[in-house]
There are 2 protein chains.
Amino acid sequence: MKTTIDCIPCLVRQSIEAARFISDDENFQKKLIENIMQIIAKPDFTKSPPAMAQVIHKEIRKISGIADPYKTVKDKFNELARSILEELRDRISSSPQPLHTAVKLAVAGNIIDSGVRSELSESDVKKSIENVFSEPVKGDINEFCRQVEQAEKILYLADNAGEIFFDRLLLEKLHHPGLTVAVRGYPVLNDATMDDAVSAGIDQINTIISNGSDAPGTILEDCSEEFIDHFKNADLIISKGQGNYETLSNVKKNIYFLFKVKCPLTADHAGLPLGSNAVLQSTHFTVKV
Amino acid sequence: MKTTIDCIPCLVRQSIEAARFISDDENFQKKLIENIMQIIAKPDFTKSPPAMAQVIHKEIRKISGIADPYKTVKDKFNELARSILEELRDRISSSPQPLHTAVKLAVAGNIIDSGVRSELSESDVKKSIENVFSEPVKGDINEFCRQVEQAEKILYLADNAGEIFFDRLLLEKLHHPGLTVAVRGYPVLNDATMDDAVSAGIDQINTIISNGSDAPGTILEDCSEEFIDHFKNADLIISKGQGNYETLSNVKKNIYFLFKVKCPLTADHAGLPLGSNAVLQSTHFTVKV
């Protein structure tokens, strides 16, 4: 997906949120936004929205000297998800189709996305959970499960802190010995890094690798060799979240995109209504990896 | 009110809407937005949001060579309002307090505001009408009516096309010989100009003057001498809409602001919940006119 003019207000809004996370000082916030606007004012429409966000948030960290402006937000979301983990695990084990339930919950957890909205309450998360059970999921969960079973090597691309606890429950159910989990190499927005994955106990289930990048998505040319090796060798990629969809939807690889459709442009691109819960197999095989 | 960092995404959104009204060509839209971003990227936080919007939309008209990008939108809203005029007039005359009903409808009509949202359906307008009767209006309509009766000279500051038909119904009920209606001097957003006021038949009720400005608000230092004379000599100013509130809320003058609160920053400034229907007397007497 390419950045469009409609991405600009959203990139500004994200930057304003980051400025407020860094400082309460309005003068600092204004100065930071004035600086960041110099980047946003020259949008590169050949790049994906996460590639634009990568440049913007790198600059925000550089100007502010704060390595991780979203640390507090991430910790809050991790604690929120941790507090309902047992309840969700019970829900999975007591459901008629535990694996399907775990897949749905992994999609529901994708509501925790600072790229779209950082002001998220426990009630919003619970609404997302109820929504994934009351609304039909877009995609074929049976086929997804079948492909997971057949795959020898799977690469699971995590998305956000908080959400990573929902991923943990799915990874427990998948119980796949050839599955590796990849997280962002450096902090960006509320995206999950190694710390978040370990905090969620993912290391007790599968191997975790860093993708070596600070983009809020998966920009292959920006990822580490280790990550690229795993990506190339995987029979199946499980990609969580919008940022990964926006950067990988045109990549020639067997990818399942598990995400909540939270942006009108992504909705349009995926051909799904806004708000959908998606378990979408990649169909746009245009770029070779 | 001063422009804040939170105004920036909204100013970008307005510009994108204007670009789409001007042309369907995506390359033209991108070029226009890239140009406009050069202005938005240097926000003047000492100015009001309508002062920023004035500069932006002047540049949009200059670059595109289109004198009135919102002409089609304005015509649509005028026709929509015209089509329900008789129904609303009946509602006023058959109500127990016709003048109060006319005041409320004038507030409800302020939903028609391209500064906030151009994608507005007939059903949205009807919802706004029902809302003003089901929710308590913030302010003292009795006191407003008393002051209108006592005033010798009134200046009524119109806001938007479409909405001007709702103003007509209020002007009919006010039936005030010393009342003058002021409209924008030049097209900007969907703000009402002389053409719209005449199209709504305002000239059959009161004298109409132009304010000589192309700001989507009332920036006194930008208005014509004729307008300033009327403003100074009026015992009472009736000011419609958010743009007029944002530019006049600190002016030392007896002003009644009739508007729907459609922006979180205006809500905060006015001390009213978002979505409120306001009949608010000016209390911030800080700047002399």
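Is the crossing of α1(B) and α3(B) right-handed or left-handed?

Guide: Bear in mind that this is a predicted model. The crossing of those two helices, α1(B) and α3(B), is right-handed. As for who touches whom, α1(B) puts in Cys7(B), Leu11(B), Gln14(B), Ser15(B), Ala18(B) and Ile22(B), and α3(B) answers with Pro49(B), Met52(B), Ala53(B), Ile56(B), His57(B), Ile60(B) and Ser64(B). Sort that contact by class and you get nine nonpolar residues, four polar ones and no charged ones.

Now the geometry. Helix α1 of chain B covers residues 7-22 and helix α3 of chain B covers residues 49-64; they pack at an angle of about 25°, with their axes 11 Å apart. Angles under 35 degrees count as roughly parallel, so α1(B) is roughly parallel to α3(B).

Chain B can be laid on chain A by a turn of 180° and a shift of 0.0 Å along the axis, with an RMSD of 0.0 Å. The two copies are therefore related as by a two-fold rotation axis. In chain B, the C-alpha nearest that axis belongs to Pro9(B), 2.2 Å away from it. And 100% of the interface residues of chain B are also interface residues in chain A, so the copies meet through the same surface.

Elsewhere in chain B, seven strands form an open sheet with mixed pairing, in the order β1-β7-β6-β5-β2-β3-β4. Strands β1 (138-139) and β4 (207-210) stand at its edges with a single partner strand each, so one side of each has no neighbour in the sheet.

Terms used
Residues numbered from 1 in each chain as written. Chains lettered and ligands numbered in written order. Predicted model: local features only at pLDDT ≥ 70, side-chain atom pairs only at ≥ 80, totals over all residues. Axes fitted to C-alpha atoms, helices over the stretch in contact; angles between N-to-C directions. Helix = DSSP H or I, 4+ residues; strand = E, 2+ residues; numbered from the N terminus. Parallel < 35°, antiparallel > 145°, perpendicular 65-115°, else oblique. Left-handed = near helix turned anticlockwise from the far one by under 90°. Contact = placed C-beta atoms within 7 Å. Nonpolar A, V, L, I, M, F, W, Y, C, P; charged D, E, K, R; others polar. Least-squares fit on C-alpha atoms with pLDDT ≥ 70 in both. Pairing = 2+ DSSP bridges.
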